[in-house]
Amino acid sequence: MIICQCMNITDDDIHAAIDWMRASDADTIISPGKIYHALGKAADCGGCMPLFLDTMRANDNLKVPNLAGNAGEAPSLKVRKGQGS
Ligand code: FES
């Protein structure tokens with residue numbers, strides 16, 4: 001299905017780009033801009049962004065694996081002696 005009509009990007013293109021980026025770097029943050037870049041294209045009108053983002057969210061490889069397991073948990077802060085108040 002065509003997601004971005006300006007650049008002729010399909011849902012399969014988006015999923016392939018996400019899967020490739022995740023396989024290449026497990027810790028990378030994947031953004032729409034990175035997907036456009038990976039596909040050798042750039043966004044034009046931006047009208048596809050809501051559907052583009054929905055398509056991205058449907059991919060299980062979108063989240064960074066190390067952070068995906070901690071979803072909903074607040075990061076803990078460690079304060080060294082002599083720092084803070
Ligand atoms: S439809 Fe995707 S940039 Fe225009």
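Predicted model: local features only at pLDDT ≥ 70, side-chain atom pairs only at ≥ 80, totals over all residues.

Reader: OK, so is Ile 9 buried or exposed?

Author: Ile 9 counts as buried, because it has 21 C-beta neighbours inside 10 Å. You'll find Ile 9 in strand β2.

Reader: What does Ile 9 touch, leaving aside neighbours within four places in sequence?

Author: Ile 9 is in contact with Ile 3, Cys 4, Ile 14, Leu 39 and Lys 41. Take Lys 41: that residue is 32 residues away from Ile 9 in sequence, with 9.1 Å between the two C-alpha atoms.

Reader: Let's zoom out. What's the order of elements along the protein chain?

Author: From the N terminus on, they run β-β-α-α-α-α. That's four helices and two strands.

Reader: And how much of the protein chain is buried?

Author: Of its 85 residues, 14% count as buried. As for contacts with a separation of 6 or more, 55% of them come from residues 24 or more positions apart.

Reader: Which residues make up the largest nonpolar core?

Author: There are 11 residues in all: Ile 3, Cys 4, Ile 9, Ile 14, Ala 17, Ile 18, Met 21, Ile 30, Ile 35, Phe 52 and Met 56. At least two residues of this core come from each of β1, α1 and α3.

Reader: Which element gives the most to this core?

Author: That's α1, with four residues.

Reader: Tell me about α1 then. How many residues does the helix have, and how far does it reach?

Author: Helix α1 spans residues 11-24, so to speak the stretch of 14 residues, and reaches 20 Å from its first C-alpha to its last. That is close to the 20 Å expected at 1.5 Å a residue.

Reader: Which residues of α1 are buried?

Author: Ile 14, Ala 17, Ile 18 and Met 21. They sit on the same side of α1, because they cover an arc of only 100 degrees around the axis.

Reader: What covers the buried residues of α1?

Author: The cover includes β1 (2-4), β2 (9-10), α2 (32-38) and α3 (49-57).

Reader: And what's exposed on the other side of α1?

Author: Asp 12 and Ala 23 are exposed there. Asp 12 counts as exposed because it has 11 C-beta neighbours inside 10 Å. The C-alpha atoms of Asp 12 and Ile 2 are separated by 8.9 Å, and the two are 10 residues apart along the chain.

Reader: Switching to α3. Which residues are buried in that helix?

Author: Phe 52, Thr 55 and Met 56 are buried in α3. Seen down the axis, they fall within an arc of 100 degrees, so they line one face of the helix.

Reader: What covers them, and what's on the other side of α3?

Author: The buried residues of α3 are covered by elements including β1, α1 and α2. On the other side, Pro 50, Asp 54 and Arg 57 are exposed.

Reader: Where is Ser 31 found?

Author: In the loop between α1 and α2. Ser 31 is exposed, with 12 other C-beta atoms within 10 Å.

Reader: Last one: what's the phi of Asn 8?

Author: Asn 8 has a positive phi of about 55 degrees, although it is not a glycine. Most residues other than glycine have a negative phi.

Reader: Where is Asn 8 found, and is the residue buried or exposed?

Author: Asn 8 is found in the loop between β1 and β2. Asn 8 is exposed, with 11 other C-beta atoms within 10 Å.

Key
Residues numbered from 1 in each chain as written. Expected span 1.5 Å × (residues − 1). Buried ≥ 20, exposed ≤ 12 C-beta atoms within 10 Å, placed from the backbone. Arc of directions from axis to C-beta. Contact = placed C-beta atoms within 7 Å. Core = buried A, V, L, I, M, F, W, Y, C linked by C-beta atoms within 7 Å.
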